[in-house]
Amino acid sequence: MTGCGLHHEVFTANLKNDEIIGHQVVVIRGTVTGGICDAGRGEVLDTETGIRRDFQLTKGNVFKVLWSLRAGTNRIRINYCTATVNFNLIYHETANQYRVQPLYIVCQGHDGHFNEESGKSNSPEEACKKIVLGLKLVQCLYAEKLLEHDQSRKTFTLIENCHIFRSKLSAEAAKKLDENALWNEFARELLNSEFGEDEKLKFVAFIGCTEYEEIADGDYSYENIKRHTKAQANLGGGGLALFGSGYLYCWPSEFDDILPYFENSKRIDLKNFLDDSNYRRTYGGCYATTIGAVCHELGHIFDLGHTEEGIMGNGFDYVNLVFTSKHLTEDLPNRIIDSTNQKDRRLTAIKRPGKFLQKYHEQKTGDSTFFTRNCAIILSLHRWINPENSLYSETDTIELSEYPLSVSCTSSHLRLIEIRDKQSNLVVDYQELGVSSAAAGELRSVNLSNRLDPSRHSLFVITSNGSSKFFA
Ligand SMILES: [Zn+2]
Ligand SMILES: [Zn+2]
């Protein structure tokens, strides 16, 4: 390339040379200095395979490229006009014994085929490919969002073999159950299955027989769509995050299709396909919102409560912006909340968030998706996410005592205390401990009088070695 007269330099923002990365899908983010020029086509290149992806600089001269790593050393080159930067990324799956197992549940009397456009594969095997790819995005999102929090790239370890789980529950019975009952049924069945012995597994499961009934009156509100969807769930807690399969039609099964799917502005045929897109009504919108919902429910199985803002609030509709810098016209800034029927919203008790944090994150990272600080602290200590803490087999004893009302631990130190509303699981107050130097005694026991009202509040506590306890 001939020079344009400008002096460019390329910098990566979120990755270092020779960095060891524990997850396969990464976002390569960076900036180009020296200005945008006419010749300024950018590209990311794997110098060994020749695989390349173009990028264009967006506001602030930044770029963002979604990339799938090969096992071992990946020799990456970024070119922009006359500038080049080379670096190595080493993909080596994190050796965490605590892992996440994807499942596709096939109920009795059902063939396991999910709702899909005619001519496209909708077998259980195809569902598994979509689920694993979707979870790799979620895995990448967790790593990026925790990196923003404390400069350390951490995420959960995913078992890539999605298991087709044959349930004893009949499809007919499943369609009569609400999401709580479905969660109870499948959680119990899993406990009694070959997986039941392994305490170091958490499950992300999709129900194959989700059915979308015809809506005759043309009311395609979120609430009415939900009422007409059977064997459907969006529920995470304990060791299981459970979902329906009704959205898999807008999920890709191949890595190269991820960006085209996020950018797909095709209108959803509301009569025949389930829409959960925060009223964008597009394939891309539905893909973003439903991947966001998986991020949210997975947060619950990692012990997170609700927050007023961020992923654990209503801030999960635009996760596409974590992976691509392309803003679509239908990327509305806020989740639409129908004030006439708030009781049926997904997060009933959360008041409408102020948008301060969201705006801050938009400016800082170019996307509006984030974990609030308390959530990021829990995740970065959690055994499923923190490989060092996963090595502790002995758990700390965490106790609540009454006079005075206080919480204490025995061997490590208290790191975070959350007071949550019992009804909504909303974090109403939290305290971070051990940031500034404090006497060991203060980190072993914290007085909660005047703060914790056991009739209204529950308490969540996590220690520095990742031991945690929830006092309902
Ligand atoms: Zn140039
Ligand atoms: Zn929730």
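Visitor: I'm starting with cysteine 4: is this residue buried, exposed or partly exposed?
Guide: The terms rest on relative accessible area, where buried means under 20%, exposed over 50% and partly exposed in between, using a 1.4 Å probe and protein chains only. Cysteine 4 has a relative accessibility of 33%, so this residue counts as partly exposed.

Visitor: What kind of model is this?
Guide: Residues are numbered from 1 along each chain as its sequence is written, chains are lettered from A and ligands numbered from 1 in the order in which they are written, and side-chain values use heavy atoms, with hydrogens and water left out. Local features need pLDDT of at least 70, side-chain atom pairs count only at pLDDT 80 or more, and totals for chains, interfaces and linings use all residues, in what is a predicted model.

Visitor: Which residues are the protein donors of the zinc ion (ligand 1)?
Guide: Donors are N, O and S atoms within 2.8 Å of the metal (3.2 Å for Na, K and Ca); water is not among the atoms, so sites may look incomplete. Along the chain, the donors here follow the spacing C-x3-H-x28-C-x43-C. They lie 2.1 to 2.3 Å from the zinc ion and are Cys4 (SG), His8 (NE2), Cys37 (SG) and Cys81 (SG).

Visitor: How many residues apart in sequence are the parts tied together by cysteine 4 and cysteine 81?
Guide: Helices (H or I, at least four residues) and strands (E, at least two) are DSSP runs, numbered from the N terminus. Cysteine 4 lies in the segment before strand S1 (9-12), while cysteine 81 is in the loop between strand S7 (72-80) and strand S8 (83-91), so the parts tied together are separated in sequence by 77 residues.

Visitor: And what geometry does the site of the zinc ion (ligand 1) have?
Guide: Four donors count as tetrahedral if all angles lie between 85 and 135 degrees; four count as square planar and six as octahedral if opposite donors are over 155 degrees apart and all others between 65 and 115, and anything else is irregular. The angles among the four donor atoms are 102 to 116°, and the site is tetrahedral.

Visitor: Which residues are the protein donors of the zinc ion (ligand 2)?
Guide: Their spacing in sequence is H-x3-H-x5-H. Histidine 296 and histidine 300 are four residues apart in helix H6 (residues 283-301), which means about one helical turn separates them. Histidine 296 is buried at 1% relative accessible area, and histidine 300 is buried at 11%. Lying 2.0 to 2.1 Å from the zinc ion, the donors are His296 (NE2), His300 (NE2) and His306 (NE2).

Visitor: How many of the residues of strand S16 are buried?
Guide: In a regular strand the side chains alternate between the two faces of the sheet. In S16 both faces are covered, with Leu240, Leu242 and Gly244 buried on one side and Ala241 and Phe243 buried on the other. Strand S16 (residues 240-244) is largely enclosed by the rest of the structure because the buried residues number five of the five.

Visitor: Which residue in S16 is the bridge partner of leucine 235?
Guide: Two strands pair if DSSP finds at least two bridges between them. Strand S12 (residues 201-207) runs parallel to S16 with five bridges, whereas strand S15 (residues 234-237) runs antiparallel to S16 with four. In S16, leucine 235 has as its bridge partner leucine 242.

Visitor: Which residues are linked with Glu19 in a network of salt bridges?
Guide: A salt bridge is a side-chain nitrogen of Lys or Arg within 4 Å of a carboxyl oxygen of Asp or Glu. Glutamate 19 forms one with arginine 153, with the closest N and O atoms 3.2 Å apart. Glutamate 19 sits in strand S2 (residues 19-21) and arginine 153 in the loop between helix H1 (124-150) and strand S10 (157-158), so the pair ties together parts 134 residues apart in sequence. In the network, Glu19 is linked with Arg29, Glu144 and Arg153.

Visitor: How far apart are the closest N and O atoms of lysine 145 and glutamate 148?
Guide: Both residues are buried. Lysine 145 and glutamate 148 are three residues apart in helix H1, which means about one helical turn separates them. They form a salt bridge, and their closest N and O atoms are apart by 2.9 Å.
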